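Hi,

Here is the structure I promised to pass on. Have a look at it first, and then read my notes below.

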Amino acid sequence: MEGSGRYLLSLPYINGKLGLFGGRHSYLAACRSKLFRACVDLWGGLVVMSKEELTAAMPVAPIEYTKDLACPVLGLFGQDDKSPSPAHVAQQEKEMKKYGKVYEFHSYPGAAHAFFNYNTPNYRHHAAMDGWQKVFAFFEKHLSK
């Protein structure tokens with residue numbers, strides 16, 4: 001992600017500010033790189049992980065890197081999600097507060113994982129429309145000139 005970001009920043013029409021949009025990997029990249037100016041965490045599962053969930057491929061839970069987070073985070077979550085569960089979101093928020101990070105989290109009742117995806121039964125129109133408004137406002141605030 002950092003290599004792609006460096007390439008984008010080399011383009012003459014980029015204003016020098018990059019944002020991340022996704023789940024676990026976006027949060028992880030925002031914690032491990034100083035290149036990004038804003039991160040949207042869409043229901044990032046496995047940001048909080050138990051010791052039993054750690055593997056050789058995923059030896060560290062992304063939440064362990066929160067202290068290194070270098071940009072504001074917008075988190076959009078479903079209250080009916082299992083990964084991340086509301087307890088995971090609360091734990092992530094606790095870490096954000098612990099390290100004085102800039103963030104805003106929103107949890108939607110009746111929404112589960114991937115509630116933006118209109119091709120699945122998890123789609124929740126109201127939550128998705130509200131979430132998109134929050135995404136665009138967040139990026140406008142942190143990425144515009």
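Leu-74 counts as buried, because its relative accessibility is 0% and buried means under 20% relative accessible area (exposed is over 50%, partly exposed in between, with a 1.4 Å probe and protein chains only). You'll find Leu-74 in strand S3; helices here (H or I, at least four residues) and strands (E, at least two) are DSSP runs, numbered from the N terminus. Setting aside neighbours within four places in sequence, Leu-74 is in contact with Cys-39, Val-40, Asp-41, Glu-104, His-106, Lys-134, Val-135 and Phe-138, where contact means heavy atoms within 4.5 Å. Val-60, on the other hand, is 14 residues from Leu-74 in sequence but 22 Å from it in space, C-alpha to C-alpha.

Before you go further: this is a predicted model, so local features need pLDDT of at least 70 and side-chain atom pairs count only at pLDDT 80 or more, while totals for chains, interfaces and linings use all residues. Residues are numbered from 1 along each chain as its sequence is written, and side-chain values use heavy atoms, with hydrogens and water left out.

Next, the strands. S2 has five of its five residues buried. Which residues sit on each side of S2? Ala-38, Val-40 and Leu-42 are on one side, Cys-39 and Asp-41 on the other, and both faces are covered. S2 runs parallel to S1, and four bridges join them; two strands pair if DSSP finds at least two bridges between them. Cys-39 is the bridge partner of Leu-20. To get from S1 to S2 the chain passes through helix H2 (residues 24-32), in a β-α-β crossover that is right-handed. That label applies if, with the strands pointing away from the viewer, the path from the first strand over the helix to the second runs clockwise. S2 and S3 are parallel too, with four bridges joining them, and Cys-39 stands opposite Val-73 in S3.

Now turn to helix H4 (residues 125-143). H4 has 19 residues and reaches 26 Å from its first C-alpha to its last, close to the 27 Å expected at 1.5 Å a residue (the expected span is 1.5 Å times one less than the number of residues). Its buried residues are Ala-127, Ala-128, Asp-130, Gly-131, Val-135, Phe-138, Phe-139, His-142 and Leu-143. Seen down the axis of H4, they fall within an arc of 165 degrees, so they line one face of the helix; the arc is that of the directions from the helix axis to the C-beta atoms. The background is simple: an α-helix has 3.6 residues a turn, so residues three or four places apart point the same way. What covers the buried residues of H4 includes S1 (19-22), S2 (38-42), S3 (73-78) and S4 (103-108). On the face turned away from the buried side are the exposed residues His-126, Gln-133, Phe-136, Glu-140 and Lys-141.

There are also 10 aromatic pairs in the structure. For these, rings of Phe, Tyr and Trp (its six-membered ring) pair if their centres lie within 6.5 Å; planes under 30 degrees apart count as stacked, over 60 as edge-to-face and the rest as tilted. Phe-21 and Trp-132 are a stacked pair, 5.6 Å centre to centre with 15 degrees between the planes. This pair links distant parts of the chain, with Phe-21 in S1 and Trp-132 in H4, 111 residues apart. Phe-21 is partly exposed at 38% relative accessible area, and Trp-132 is partly exposed at 30%. Another pair, Trp-43 and Phe-116, is edge-to-face: 5.2 Å centre to centre, 65 degrees between the planes. These two are 73 residues apart, Trp-43 in the loop between S2 and S3 and Phe-116 in the loop between S4 and H4. Both are buried. One aromatic cluster is formed by Phe-21, Trp-43, Tyr-108, Phe-115, Phe-116, Trp-132 and Phe-136.

Ala-114 is in the loop between S4 and H4 and counts as buried at 18% relative accessibility. The peptide bond from Ser-83 to Pro-84 is cis, with omega near 15 degrees, and Pro-84 is found in the loop between S3 and helix H3 (86-98).

Cheers
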